[in-house]
Amino acid sequence: MIRLNHNHSEHYAVLAFILAVGVLGLAWFRSDISLQQIVVWTMAGLYVVWGIGHHVLRKDFTLMILAEYILIALIAAGSIQAILLNR
Amino acid sequence: MLQPAGLAVMVMFFLLAQTSLQLLRLSPTLPGGFVLGYASSISASQVLEMTNAERSQQGLPALTVNEKLNQAAQAKANHMFQNDYWAHVAPDGTTPWTFIRNAGYSYGVAGENLARDFGDTSSMVRAWMTSPTHKANIVHQKYSQTGIAVVDGKLQGVETTLVVQLFGSPTAVGARTTNQAARSDQVIPAEPKVETKKEVVVEEQPVTIAPLEPVPALAELSIEPQSGNTLGKTIISPLTVTKVIASVLITLLVLVLTYDLLLSSKRNIPRKVGNNWAHIGLFSIVLLVIIVMAQGKVL
């Protein structure tokens, strides 16, 4: 029987990878705002997906937690989006 | 505050602030003489003021504004927007000195500083002063005049405010004749970022120099009106406002999340909420991105 080891450090490694790719994407496409916006919202979407996965694996997922992740992602992506639009 | 309802209020507040900013752009004059700048609050008068403040600290005389150098700076900025490049030398090989000469300015020594994407004048001048080559232009003892252009436009796909500051010293200051033909086409870049032109004695023969034109006061200059260059009014940059709101909001959330994390672990309270560490990590990255992205570039 294969038993998956849902170690939290693995979860955080995945999150760190998502955030690092997002930052690199923003830097890489620094002369193209449209692509930067795609990177920002993709990063926000992946953050929500990560949150769902993290809590499902921890067996404490609720709709309130989903709402929390969506709102946190909205604030984070909205802040960067606002800076991009006002540059 | 960390409950979804509290977070939703924050999202609504942020959306409201951004919508207000966008609406104010349609009617940018605010009560009390405030003006909402298009992209930045940079003004030519502030650039001159801060440049001279830096020179004053070095014990150097203040630069005066020369209308021909202003025209050359404006022409350079327009050329960069029209040809969509960000460099001292244009892709077609046009150098800064071409614009200076075309404006009718006869110089012995000249230099150029460029900046883009800055929200305010002080951070831009600070960036110039941090760069040794740009600082060398600002505090160059041979310069006596300057020309500044602050132009909004779209460069390389990005809406930006472009600042061109040209420095120069006329071929003969206070003299009608000289035995130096000081003008030269030799361009000696000090470093890749800044091209400067050194005074070179070519040959010794009397050269008649036309009398220097009186330097006009800054208010009389014929710089094309720009939204980010409104003299006599306090200009608020939407970028600065957004940066402040976003930074304050996110810093506040990070502090509350940290406090919540410490409190819950200290009292060992079991709760079914999101992962605070993840939220803090995300917001820290966002804060870093906001700070880095809001910075402009110098060349």
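Before I count anything, let me say that helices here are DSSP runs of H or I with at least four residues, and strands are runs of E with at least two, both numbered from the N terminus. On that basis, chain B of this predicted model has eight helices and eleven strands.

Staying with chain B for a moment, of its 299 residues 38% are buried, and if we take the contacts in chain B between residues at least 6 apart in sequence, 79% of them join residues at least 24 apart.

Let me turn now to where the two chains meet. Here 35 residues of chain B are in contact with 29 residues of chain A. Four elements of chain B, namely α1 (4-26), β5 (158-170), α7 (238-267) and α8 (276-293), each supply at least two residues of the side that touches chain A, and it is α8(B) that gives the most to that side, with ten residues. Sorted by class, the side of chain B that touches chain A has 22 nonpolar residues, alongside nine polar and four charged ones.

I would also like to be careful about confidence, and here I will speak of chain A. Its mean pLDDT is 87, and 90% of the residues of chain A reach 70 or more. In chain A, confidence is highest in helix α2 (residues 33-57), at a mean of 94, and lowest in helix α3 (residues 63-86), at 90. Residues 1-5 of chain A, by contrast, have a pLDDT below 50, and this stretch has zero contacts in the model beyond near neighbours in sequence.

Methods. Residues are numbered from 1 along each chain as its sequence is written. Chains are lettered from A and ligands numbered from 1 in the order in which they are written. This is a predicted model: local features need pLDDT of at least 70, side-chain atom pairs count only at pLDDT 80 or more; totals for chains, interfaces and linings use all residues. Two residues are in contact if their C-beta atoms, placed from the backbone, lie within 7 Å. Ala, Val, Leu, Ile, Met, Phe, Trp, Tyr, Cys and Pro count as nonpolar, Asp, Glu, Lys and Arg as charged, and the others, Gly among them, as polar. A residue is buried if 20 or more other C-beta atoms lie within 10 Å of its own, exposed if 12 or fewer, and partly exposed in between; C-beta atoms are placed from the backbone. pLDDT is the predictor's confidence in each residue, from 0 to 100.
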